[in-house]
Amino acid sequence: QVQLVESGGGLVQAGDSLRLSCAASGRSFSSNHMGWFRQAPGKEREFVAAIRQLTYYADSVKGRFTISRDNAKNTLYLQMNSLKAEDTAVYYCAARRSNGAYDRGYDYWGQGTQVTVSS
């Protein structure tokens, strides 16, 4: 049983920055991928970024977003810079309980945090 809790979302203007955090309960996931996904109204959930030994990013956020983790705190972060209106979505953190793909196959999900970017 794992719980993930996102925080840090909000309303910002295009060009602004936000830092999202995801606190994980109970256990370390240092050996497995953790990631961020997002879902905009009327769209499917999409992969944003992931981390294990390496980091991975969707093309739409490369150069603007940075994923990191603090294993001692069981916390995942997403630094979002140069935000665009199209980044508006509910952002979810996720964790895998086994090794595998970085863009799918996640087992644990947070409740989501809303990011709204006005233009």
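User: Which residues have the most contacts inside the largest nonpolar core, and how many residues does that core have?

Analyst: One caution first: this is a predicted model. To read a core, look for buried nonpolar residues whose side chains touch. Here the largest nonpolar core has 33 residues. Those with the most contacts inside it are Leu 4, Trp 36, Leu 78, Met 80 and Tyr 91.

User: Which elements give two or more residues to this core?

Analyst: Seven entries make the list, all of them strands: E3 (18-24), E4 (34-39), E5 (46-51), E7 (65-70), E8 (75-80), E9 (89-95) and E11 (113-118).

User: How many helices and how many strands are in the chain?

Analyst: The chain has zero helices and 11 strands. Read along the sequence, the pattern is β-β-β-β-β-β-β-β-β-β-β.

User: In which sense do E4 and E5 pair, and over how many bridges?

Analyst: For pairing, look at direction and bridges. E4 and E5 run in the antiparallel sense, with five bridges between them.

User: What does E5 form with E6?

Analyst: Another hairpin to trace: E5 and E6 have three residues between them. Strand E6 covers residues 55-57, and its pairing with E5 is antiparallel over three bridges. Start at Ile 51; its bridge partner in E6 is Thr 55.

User: Now the disulfide. Which cysteines does it join?

Analyst: To find a disulfide, check the distance between the sulfur atoms; the cut-off is 2.5 Å. The count here comes to one disulfide. Cys 22 is joined to Cys 93, with S to S at 2.0 Å. Distant parts of the chain are linked this way: Cys 22 sits in strand E3, Cys 93 in strand E9, and they are 71 residues apart.

User: What is the handedness of the link between Cys 22 and Cys 93?

Analyst: Read the angle about the S-S bond. For Cys 22 and Cys 93 it is 55°, and the link is right-handed.

User: Is Cys 22 buried or exposed? And Cys 93, buried or exposed?

Analyst: Cys 22 counts as buried because its relative accessibility is 0%. Cys 93 also counts as buried, at 0% relative accessibility.

User: Where does Ser 82 lie, and what is its phi?

Analyst: Ser 82 lies in the loop between E8 and E9. Its phi is also positive, near 50°. Ser 82 is partly exposed, with a relative accessible area of 42%.

User: A charged residue, then. Is Arg 38 buried or exposed?

Analyst: Do not guess from residue type; check the accessibility. Arg 38 counts as buried, because its relative accessibility is 5%. Arg 38 lies in strand E4.

User: Which residues does Arg 38 touch, not counting residues up to four places away in sequence?

Analyst: Its contacts on that basis are Glu 44, Arg 45, Glu 46, Val 48, Ser 60, Val 61, Phe 65, Glu 86, Asp 87, Ala 89, Val 90 and Tyr 91.

User: Last, the whole chain. What is its radius of gyration, and what would a compact globule have?

Analyst: Compare the chain with a globule of the same length. For 119 residues, a compact globule would have a radius of gyration near 14 Å; the chain has 13 Å, which agrees. Its C-alpha atoms fill a box of roughly 40 × 25 × 25 Å along the principal axes. Of the 119 residues, 42% count as buried.

Conventions:
Residues are numbered from 1 along each chain as its sequence is written. This is a predicted model: local features need pLDDT of at least 70, side-chain atom pairs count only at pLDDT 80 or more; totals for chains, interfaces and linings use all residues. Side-chain values use heavy atoms; hydrogens and water are left out. A nonpolar core is a set of buried Ala, Val, Leu, Ile, Met, Phe, Trp, Tyr and Cys residues joined through side-chain atoms within 4.5 Å. Buried means under 20% relative accessible area, exposed over 50%, partly exposed in between (1.4 Å probe, protein chains only). Helices (H or I, at least four residues) and strands (E, at least two) are DSSP runs, numbered from the N terminus. Two strands pair if DSSP finds at least two bridges between them. The radius of gyration is taken over C-alpha atoms; the globule rule is 2.2 Å times the number of residues to the power 0.38. Contact means heavy atoms within 4.5 Å.
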